[in-house]
Every structure is written in structure tokens, then in C-alpha cells.
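Thanks for coming. I will show one structure and walk through its chains and the contact between them.

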Amino acid sequence: MTFSKGQNPQGGPSRRTLITSVAAAGAAVAAGLYRFTDLFVKHYVPTPYDDVLAALLDREHAAKLGALVTGTPAPTALAARLRAILKPDGLNPNGLTAAAKADAAAGRIIAVDGWLLPESVALLSALAARA
Amino acid sequence: MLEPDLAIIGGGPAGISLALALASTRLNILLLESGGLNFDPQNQKMYAGTESGLGYIALDAGRLRFLGGSTNHWGGWCRPLDAIDFEARDWVPHSGWPFPKKALEAYYPRAQALVEAGPWLYDKADANVAALGALLPLGDGGVYTSWFQFSKTRDSELPTYFGHRYQDELKRASRVTPLLNANVTAIRLSPDARRVERLDAATLDSQGGADKTFTVKPRITVLACGGMENARLLLASNDVMAKGIGNQNDLVGRFFADNPIPRDVATLVSFAGPLAPYYGNNLALANGPVLRATLSPTHAFRRTRQVAGSLTTVEQPVEMDDTGKAAVITTAIALGVDASNAKAYSLGCGMELLPDPERRLRLTGEKDALGLPRLQLTMRMAETDFALYHDTLRELGRQLLASRTGMLRITRRENWSGNMDWGNHHLGTTRMHDDPKQGVVNADSQVHGVGNLYVAGSSVFPTYGASNPTLNLIALTLRLADHLKKVAA
């Protein structure tokens with residue numbers, strides 16, 4: 001009697017098959033758990049603009065709004081512009097708050113579907129929609 | 001033939017206020033009111049006319065022809081004109097009253113008493129409403145919370161209908177003779193066109209046809225029958241002056257205006273939750289006055305940004321769609337504020353139109369039951385009028401963001417016209433100007449060139465402001481009363 005590779009001579013699955021199966025099952029559970037946490041924290045495919053998008057605490061709503069922004073440059077140029085806007089106070093939510101307040105004070109307002117938004121918020125939302 | 005010292009043509013708020021203001025003088029006053037004490041459909045038909053251009057209220061629907069005039073359907077909204085409304089402004093063509101607001105200030109308290117709007121608060125009302133909720137914080141900027149007050153009569157009955165309210169006082173005034181159902185059909189000038197010699201008048205029979213005619217020969221005549229009828233009677237009285245009285249420079253009937261009231265011009269979101277109740281409702285204070293907040297451009301903003309007057313009011317709570325919710329969530333988070341209790345409201349507005357000589361009343365070939373030619377209104381509104389108000393709304397939106405208290409969505413401009421009402425404020429058709437080439441009446445409301453003929457009411461407003469005209473036209477009429485006291489003496 002001969003045994004094919006991976007077959008247990010005592011009749012059960014080989015050790016290698018067992019490990020592979022357990023690993024696959026583990027990966028499936030992990031993926032499920034990962035998706036489950038989407039309920040709490042949305043996961044996005046990495047983009048070249050994640051450093052800028054880190055300023056958004058709610059990227060999903062921003063993307064919904066940003067889909068209605070018109071006339072913005074391509075994402076790469078838009079991200080570069082936003083880096084310049086946010087840089088003084090940081091590429092983070094605090095930086096966005098400072099930029100948004102400064103925009104409102106200076107009258108840098110963009111209308112999106114009629115909603116008057118600080119320019120930084122409108123541009124960042126547009127990037128979220130395109131990223 | 002009746003021979004009073006003073007004939008007042010029209011028993012609306014101007015005519016009644018003038019009669020009451022002069023009742024204690026030695027003048028014998030005849031108040032000629034075309035209607036009776038109540039609405040009469042036959043009499044009301046005398047107002048019918050035609051229209052062209054922008055859709056507008058039928059000429060016999062936006063005004064009322066009986067004692068009290070159009071106060072019989074007014075909403076009681078009162079607010080003085082702003083000082084800037086009187087100024088000549090290079091961005092407002094044909095602007096500039098012949099005197100500043102200061103010239104009317106002495107008359108406002110008496111006008112306020114006549115409309116029974118309680119103590120004079122208006123822009124001093126902030127302190128009186130503190131207990132009812134905080135003002136919407138707007139920070140520094142071009143828009144601020146201003147105030148309407150409301151005409152109030154007895155108990156909760158709103159507002160002051162001048163005919164019902166003052167008919168007894170008119171009857172009690174020994175030198176005032178109110179004459180009802182008396183339609184003036186012509187103003188007859190002397191051959192040199194320098195004085196009014198007599199007035200032709202007629203009554204209607206019960207079927208709405210011509211009945212009796214009579215003549216009035218007053219020393220002084222005041223035309224006070226509303227922004228449309230004042231122009232109509234001047235234009236129709238053309239036996240001596242072929243173009244009509246006061247119309248030697250083709251101004252009578254031109255510059256007609258009203259205050260457009262577009263609804264749902266914007267959505268205002270208050271991040272902190274409901275606005276204080278006086279923003280969306282008329283609120284009675286314990287000591288009497290009824291107030292409502294309005295959002296008005298400051299003088300400085302109007303000057304620097306060259307916008308017209310406007311009074312934006314909160315209309316009603318509205319639900320936001322998904323885009324609106326996304327806008328509020330994203331913006332509030334970005335500004336670092338909590339908007340979990342955010343509340344949205346629709347906004348409406350009373351706008352000021354820029355003067356336009358082509359928005360005008362003309363006589364037609366059709367005549368009413370007493371032979372007076374009917375009117376045709378050419379109504380129009382420039383895109384600039386909307387654009388100027390849009391600038392004010394945008395400033396309001398900016399201020400809400402800057403103060404981190406809320407945000408604004410401006411409704412698509414093309415929807416404004418579809419949701420537009422009118423104030424039924426008939427303005428400008430016998431405009432006031434010192435120069436006869438630019439105005440029908442002078443600073444004393446006297447028709448240029450006709451020594452004993454005056455015009456009272458909002459038809460003399462050369463620019464209009466956004467404030468409702470009744471309080472202002474009464475103040476102006478009281479000023480005229482003081483002038484007539486001097487003239488008659």
C-alpha cells in the first residue's frame with residue numbers, strides 16, 4: 001500500500017492538511033470579525049491620500065457630501081492643495097477644525113447642493129468621495 | 001357743492017391718520033371714501049385692471065375699497081424704515097429721499113400709537129426677550145437679528161383695521177366729515193394748471209352703476225387712495241394737463257414696486273437645537289407688544305457689499321434629506337461642535353426691489369362704471385434683485401459657520417419665483433423728489449407745479465426698503481399734517 005502526499009497512514013487527514021484547514025478557518029473568522037467591526041469603524045482600501053483623509057472623523061458622510069462637489073481638480077492635485085491648507089495645524093481633525101474656522105471667518109465658502117460649507121470641508125469631502 | 005378747507009381723497013390708513021391729525025385744527029375737513037363701512041363686491045370691481053409681465057396679484061385682489069382701505073386685510077407687520085433707506089446710494093439707481101430718516105423720527109411715536117403696536121422696541125427689543133430664549137449667535141458680520149412689532153388692538157385681536165377702529169373718532173370730530181360711497185372721478189385744475197379748482201365725485205347705485213354726481217371745491221386736496229389709485233386719478237385727470245396731473249415728466253405710474261416675499265429661500269440649521277420661539281412665531285410679551293425676530297443686513301454690509309434691504313424670517317421646521325444630514329454631520333464635526341440635536345428651518349424673506357421706471361401703471365381704454373379708465377400694470381423683477389438678496393443670504397451662512405452655531409442651504413434660485421408671494425405694498429408711483437424731472441411730488445408731498453394738491457401714502461416712496469410700509473406711510477402722513485397746518489394757517 002502506498003500513501004499519497006499529505007495522507008495520514010492511519011486513515012485521517014495529514015497534519016499539514018489540518019494546519020492548512022485551521023489556518024483557512026482562522027482567516028475566514030478574522031475576515032468576518034474585521035467586516036463586523038465595520039459597524040463601528042469603517043475600513044477603507046488604502047489610498048495615496050490617507051494622510052489627508054485622516055483629518056476626517058466621519059469619512060462616510062463626507063464622501064456622500066463630497067460626491068456632489070463639482071469643479072475640483074484631480075485627487076492628486078486636490079490632496080496636495082489640502083495638505084497645504086491643513087499643514088499649519090496638522091493633518092488631523094484639529095487641523096481641519098482650524099482650517100474650517102479660518103475659511104468661515106475669511107468668507108472662503110463653497111456651495112455644495114446649496115449647502116454653504118467652509119472651503120476646506122468641501123474640498124476634503126470631495127477627496128473622500130474620489131479616493 | 002361742498003367747499004371744505006381740506007378734501008382728503010381716500011379713507012385708508014393715510015387718509016384717516018391725516019384727518020385725525022388735523023381734527024383739532026380750525027380746518028373743515030371732508031374725507032371722501034369710495035367704499036362704505038364694509039366690503040362691497042360692486043365697489044371692489046372699480047379696482048379691476050389688467051397685467052402683463054411677471055405674474056402678480058390681480059389688481060382688484062391686493063387692495064380693498066372700503067373705509068380703512070387695505071388695513072382691512074393687513075397682517076399688522078410694523079417696522080420703521082432703516083436710515084440707509086433714505087440715502088442716495090450709487091448702487092441703487094434713482095435712490096435718495098429728499099430728507100433723511102431723522103425728519104420722520106418725531107412722527108414715528110404717533111404712528112406707532114395709531115397702529116397700536118405698543119411700546120417702541122424694534123432694535124431695542126433684544127433685552128425684552130432674553131427670558132424667552134437666546135438670540136441666534138451670529139458673531140460679527142453683515143446680518144443681525146432685528147425685530148418686527150405687530151399692530152394690536154383689543155385683547156388678542158390683530159391687527160388695527162383703521163376703518164373699524166377709528167370710525168367713531170372720525171364721527172366725533174366736529175370738523176371732520178367722512179363721506180362714504182363717494183368716488184372722486186376727476187381732479188379739475190385751473191386753466192393755468194397751477195391749482196386744483198374742484199373735484200368731480202359720484203356714487204354707485206346698488207347694481208354697481210353710476211348714480212349721483214356732485215362737486216367738491218376744496219382749498220387744499222390730499223390724494224390718499226393707495227399706490228395704484230393715486231396714480232390712476234392723476235393720469236385720468238388730463239383735461240388741462242394732457243398727460244395727466246403731475247405727469248409733465250412722464251413719471252406718474254412709473255417706478256411701481258412691491259415687496260416680493262419668496263418662500264423657502266433657504267434652510268437654516270441650528271446646531272444646538274430649536275431656535276428661540278420668537279424667530280418663527282409672533283410672540284406677545286407680558287407688557288403688551290407682539291414681536292417677531294427677523295434677520296436683516298446691517299447698514300455697513302449694505303454699504304460695503306452694495307445690497308438692497310431684506311428681512312429674512314424663519315418660517316417653519318423642516319426635515320433634512322440624506323445630503324442635508326451628511327452636510328450637517330460633516331460640517332459640525334469639522335468645526336468641532338455637537339450637532340446631535342440640530343434643528344432645521346425653512347426661511348422666507350421680504351425683499352426690497354430696486355427702483356425700475358419700466359415697472360409701471362398705465363391707463364387702458366377700458367373704463368369702470370363711473371367712466372374712469374382702468375389700469376394696466378407692467379410687472380417685472382430684475383435678476384439683480386434676486387442676486388443682491390442672495391449675497392445677503394450667503395453672508396448669513398458665513399456668519400453661522402464662523403460663529404459655529406449652524407449652517408445654511410440656499411434653495412435653487414429658480415425655485416424662489418415659484419414660491420413667491422407679494423406684500424400688497426403698492427409703492428413708488430408718485431415718487432418724491434425735489435427735482436420735478438425726477439419726482440411727482442416734492443419733499444412736502446406737494447405735486448410739483450400744483451400749489452394745493454398733495455399726495456399721501458406709500459406711492460410717494462422714492463425707494464422702498466424692506467420694511468412693511470404702513471407704519472412708515474403713517475409717519476410720513478403725520479409729517480404732511482404738520483406741513484398743512486402751516487400752509488392752511
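What percentage of the 489 residues in chain B is buried? Buried residues make up 53% of them, where buried means that 20 or more other C-beta atoms, placed from the backbone, lie within 10 Å of the residue's own. Before going on: this is a predicted model, where local features need pLDDT of at least 70 and side-chain atom pairs count only at pLDDT 80 or more, while totals for chains, interfaces and linings use all residues. Residues are numbered from 1 along each chain as its sequence is written, chains are lettered from A and ligands numbered from 1 in the order in which they are written.

Chain B has 11 helices and 21 strands, taken as DSSP runs (helices H or I, at least four residues; strands E, at least two) numbered from the N terminus. The C-alpha trace of chain B spans about 80 × 45 × 45 Å along its principal axes. In chain B, 74% of the contacts with a separation of 6 or more join residues 24 or more positions apart; contact means C-beta atoms, placed from the backbone, within 7 Å.

Now the contact between the chains. Chain A puts in 25 residues and chain B 22. On the side of chain B that touches chain A, helix H8 (322-335), helix H9 (383-402) and strand E19 (406-410) each supply at least two residues. H8(B) gives the most, 10 residues.

Last, Ile8(B). Not counting residues up to four places away in sequence, Ile8(B) touches several residues, including Leu18(B), Ala19(B) and Val222(B).

Terms used: Two residues are in contact if their C-beta atoms, placed from the backbone, lie within 7 Å. A residue is buried if 20 or more other C-beta atoms lie within 10 Å of its own, exposed if 12 or fewer, and partly exposed in between; C-beta atoms are placed from the backbone.
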